[in-house]
Amino acid sequence: MKKATIRFGGLTAVGDLDLQIRERELVGLIGPNGAGKTTAFNLITCVYQPTEGDITFLGRPTSRLRPHHLAKRGIARTFQNIRLFGSMSVFDNVRAAVQVHRSHGIRDALFRMGGFRRGEADVEKQVMELLEIFSLHEQRDENAKSLPYGDQRRLEIVRALATKPKLLLLDEPAAGMNPTEKVELMKLIRFVQEKFSLAVLLVEHDMKVVMGICERIVVLDYGIKIAEGTPAEIRTNPKVIAAYLGKEADDA
Amino acid sequence: MMHTGAKRSLLVAIFIAIAVSFFSAHFNRYYRDVAIDVAISIVLAVSLNLINGHTGQFSLGHAGFMAVGGYIAAKITLVFGVTAVAWAQPFIFLGALIVGGVVAALAGLMVGVPSLRLRGDYLAIVTLGFGEIIRVIFQTSETFGAATGLVAIPKWTTIGWGFGIAAITVYVVGCLVNSTYGRGFLAVHDDEIAAGAMGINPVRYKVTAFVIGAFFAGVAGGLYAHHKTTLAPTGFDFMKSIDIVVMVILGGMGNTAGVIVAAVLLTAVQEPLRALGPLRMVVFALIIIALMMLRPQGLFSFGKKKGAKA
Amino acid sequence: MEILQQLTNGLALGSIYALIALGYTMVYGVLRFINFAHSDVLMLGAYSAFFLAPVAERLFGPQTIAGALFIIVIAAAICAVIGVLIEFLAYRPLRSRPKLTVLITAIGVSLFIEFTCQHKSVFGADTKSFPKLLASRDVAIGGLHFSSNDLIVLVLTAALLAGMWFLVQRTKMGMAIRAVSFNEKAAALMGVNVNRVISYTFAIGSALAAIAGIFYSMRAPGIDPLMGVQPGLRAFIAAVVGGIGNLPGAALGGLLLGVIETVAGGIPGVSNYRDGIAFAILILVLLFRPAGLLGKSMVEKV
C-alpha cells in the first residue's frame, strides 16, 4: 500500500473535505456534535454516496461500491452502537467475517470433499489465533451479546480484523466507556495498529482518547475542515480552541 | 457443528428409508399415508426454515412454491410417465421432481429479487402476494386443469422417496448452514448492515436462501402430487403456508432439529384434528399466540437465542 | 361511456378499500406492524350489522335512513371496542418484542377470529345473505347508471375521509397520534400518553373498518367469516402502495386499486386474473418506489 487517499467534497453536511490517510498511520477525526463526523464516516463506508468529489482507496475509486465490496478491498469498520451478530457465538462472529477472502462457497459446503475439511480447519485456526491475541478464546462458545460491554467492543474490533483490512475505521469506540476503560481502549488501538500494521481512522468525540494516540488529527466543524496537524498543533490551534476545546474547558 | 460424518449419515438415512419402503406393503395403509405426509412436511418445514429461520426473511409464500413444483411434476408424469414402461418410471419420477423443483426455484428467484429492498412485514406481504398470484395462474390455466386441477396422477410417492428426499433436504440445509460459508445466512439474519460491513453480500445470501428453499418446496410439491394423486389450486392457499410457518415457529426458527420434531408432531396430529373442523385452526391460532407470548424462540429451542429479529 | 361507468364503479369500490386502508396505515404508523386482524374486524362489523338489522327495523321501520345510521353507528362502536380489546390483550404485552413476533401474533389473532366465527355455535361457515339496509334505486346521471346505495357510500366515504383528515391534522388527539408515529419515545417524554393514543388509534381504525365492512357487504352477494380476507388484503396493499403510515396515501392507494381492479375486471381475458392484479401492482410499486407513492423513504442510521 503506497498511499490511501480519501477525498470528497461539495456536500452541505460535509463540504469539500479533503482527507488523506497514509499507510500505517493513525488519524483522528474529531469535531463538536453535529460537525459532520458521522456523515464523513458514512461517506467513507459507502453508506452515503458523495454528491460531488470522489473517494479513492489504494488508487482506485470506492465511492460507487456497495458496503460488502469495501471489505473485500481491505476497509473494515466498527459501529458506534456495537452491532455484533447477536444470535451467534463469539467464535462464529469472527468466523463469519473470515470468509471474505475465501473462495469456498455453496458447493464446498454441500459436497464436503477433502478441500472443505482443510479449509474449515484453516478457518478455525485463524479465528482462534485472533481470539487468543485479544484473550477472548476462553469465551469462544459464549453468545456474543452476553459478553460484558468492553469485551463486546473488543470482539467487534476482532471481527473487523478478521476481514484482513488495510484500513480500519473506528466509529466512536470510546462511547459509553468509563475513564479506566478508555485507557484500556487506547492501549488496544495502539496495539492493533502496530501488530497488524494498519492504517486507522478514529472518529471520536472524546478529546483525550484522540489526543493520546493519534499521530495526526483532522478537526471538523460545520462539515468543514478547520484544522489538521499533530496533537500538539491542534491543542494550540486557536480555531480549534474556539470551536471545540474552549467549550470543553468551560464545561470542565 | 456438523462434521464430515454428515455425508455418511445421509447415505445411511436414505438406505434405511428405501429398505423400509420395501416392506411398506405390510403396513397399515393409514399409517403409511401419514408417514408419507410426515416426510413431505419435514421437507417443507426444513426448507422454509432456511428462509425464515436462518436467514430471517419472513416468507408467507411457501405453499406457492410447493404448488409450482407439484403442478409441474404432475404434468410431466401425466404426459410422459403413465405410458412408460415400469422400469423407466422411477427415472421419470425423479426427473419430474427435479424439474418441478427447478421451476419452483426460478419462482423463488423472482421472489428473492424484491427481497433485496424489502424487509420484515413488507416482505411477508409480498411473498403472500406471490403465493396468491401463483395460485390464480394455476386456477386460470387450462393446461393445469383450471379450477378442477389435475387428477389421476400416478401414486408413486413411497416411504422410501419421501424420507429419502427428507434426508437430502436436512443434509443440504444442515451442511449449508453449518459451514463458514453458511455463517453468512445467520449474519444476514442478525444484522444486515454489520454483515455488509464484514464483506458478506446480504443480497446474495437472501436470494440463495429463497432459491434453495423454493427448490425443496417444489420437490415437496411433486411428492405431494404423487401421494394424493389429485391437485387442486385451493390446496395451496395462504392456510397451507401458515401450516408450514407454524411448524417452523413451533420448532424454533433456525433450529433444524426442533423444526423436524414440530413437523412430525403437527402432521401426525393433523388427521385426528381434522375431525374438529374449523376448531383445528382455532387450536393452531391459539398455539401461535401462546408461543409468541411465552416462548417466541420455539418449543424445542433451548439455546440462549431470544426470538427472531424483525 | 362504458369506461366512465367502470370508473365510477371502481371509485365506489376503491373508496371502501380506502376506508379499510386508513386503519392499516394508522396502526402501522403508531406500532410499525401489519395488524392482520384488521380484516376480521371488518367481517365482525358486517356481522354486527347483520344482527342489528332486525332491531333497526323494529325501532325505525324497514329500510329507513335513521335505521341505517343506527346500524352503522352501533356496529362501529362494537368494533371499536373489539379493536381496542385486541390491542390490549394480544399486542400490548408484546410491545417491546421484535416486530416479527408481533406480526406472527397478529396472524394468530386473525386466524383465531376467523375460525372461531366459523364454528356452528358462533356464525357458522356458510354464507348468509346480507339484509337490505336501504332501498336501492337506480339513478341516471348523464347516461351513467348508479345505484343510489353506491352514491350514498361514495358520499359517506368522502365525508369520513375528510373527517379523518381533520381529526389527525387539527385535533389534539390527532397531533398526539402524529407525535407517536414520528417518535414514540420522544412523544412519551413530552407527556403524551402513548397507551391511550394507541388504544384510540385502534378504536378509530376498527370503527372505520366496521363501516367499510357494512358498505362492502351491501355490494357483495353475502357475508361469511372469511369475507374480510380479500378486501383486507387489498386494502393493506392500497396502504402500502400509497405509502404506509401516510393517510392521503392510503386514500389514494385505495381509490387507485379499486379503479384498476374494476376496469381490468371488465376486460375479457384479464378478468380471470383479477385476484392477482392487486398483488402485481403492489410488487411493481414496491420495486420502483419502496416507500410507496406518497411515502418518504427512510435510510437506517448507522
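Predicted model: local features only at pLDDT ≥ 70, side-chain atom pairs only at ≥ 80, totals over all residues.

Me: OK. Which residues of H7(A) are buried?

Reply: Those would be A:Leu185, A:Met186, A:Ile189 and A:Val192. They sit on the same side of H7(A), because the arc they cover around the axis is only 135°.

Me: And what's exposed on the other side of H7(A)?

Reply: There you'll find A:Thr180, A:Lys187, A:Phe191, A:Glu194 and A:Lys195 as exposed residues.

Me: What covers the buried residues of H7(A)?

Reply: The cover includes helix H6 (149-161), strand S7 (167-171), strand S8 (199-203) and helix H8 (207-213), which belong to chain A.

Me: Which residue just after H7(A) takes a positive phi?

Reply: That's A:Ser197, with a phi of about 35°.

Me: Let's zoom out. How many helices and strands does chain A have?

Reply: Ten helices and ten strands. Chain A has 252 residues, and 43% of them count as buried. If you take the contacts in chain A between residues at least 6 apart in sequence, 66% join residues at least 24 apart.

Me: How is chain A divided into domains?

Reply: Domain 1 is 1-74 + 165-252, and domain 2 is 87-164. Eleven residues of domain 1 are in contact with ten residues of domain 2 in chain A.

Me: Which elements of domain 1 give two or more residues to that side?

Reply: H2 and H7 of chain A do. H7(A) gives the most, with four residues. By class, the domain 1 side has seven nonpolar, one polar and three charged residues.

Me: New topic: how many residues are in contact between chain A and chain B?

Reply: 33 residues of chain A are in contact with 27 residues of chain B. On the chain A side, helix H2 (67-73), helix H3 (90-98), helix H4 (106-111) and helix H5 (114-133) are the elements that give two or more residues. H3(A) gives the most, with five residues.

Me: How does that side of chain A divide into nonpolar, polar and charged?

Reply: It has 13 nonpolar, ten polar and ten charged residues.

Me: And what about chain C, how many residues does its contact with chain B take?

Reply: That contact takes 38 residues from chain C and 34 residues from chain B. Helix H4 (99-118), helix H9 (229-242) and helix H11 (274-288) of chain C each supply at least two residues of the chain C side. The largest share, 14 residues, comes from H4(C). This side of chain C divides into 26 nonpolar, eight polar and four charged residues.

Me: Last topic, the nonpolar core. How many residues are in the largest one?

Reply: 286 residues, and those with the most contacts inside it are A:Leu202, B:Val43, B:Ala45, C:Cys79 and C:Leu282. Helix H1 (residues 2-31) of chain C gives the largest share of this core, 16 residues.

Me: Why does this core lie between domain 1 and domain 2 of chain A?

Reply: Because domain 1 (1-74 + 165-252) and domain 2 (87-164) of chain A both give residues to this core.

Me: What does C:Leu282 touch?

Reply: Leaving out residues up to four places away in sequence, C:Leu282 touches B:Val126, B:Gly129, C:Ile237, C:Val240 and C:Val241.

Note on methods: Residues numbered from 1 in each chain as written. Chains lettered and ligands numbered in written order. Core = buried A, V, L, I, M, F, W, Y, C linked by C-beta atoms within 7 Å. Buried ≥ 20, exposed ≤ 12 C-beta atoms within 10 Å, placed from the backbone. Domains from an automatic or database assignment. Contact = placed C-beta atoms within 7 Å. Nonpolar A, V, L, I, M, F, W, Y, C, P; charged D, E, K, R; others polar. Arc of directions from axis to C-beta.
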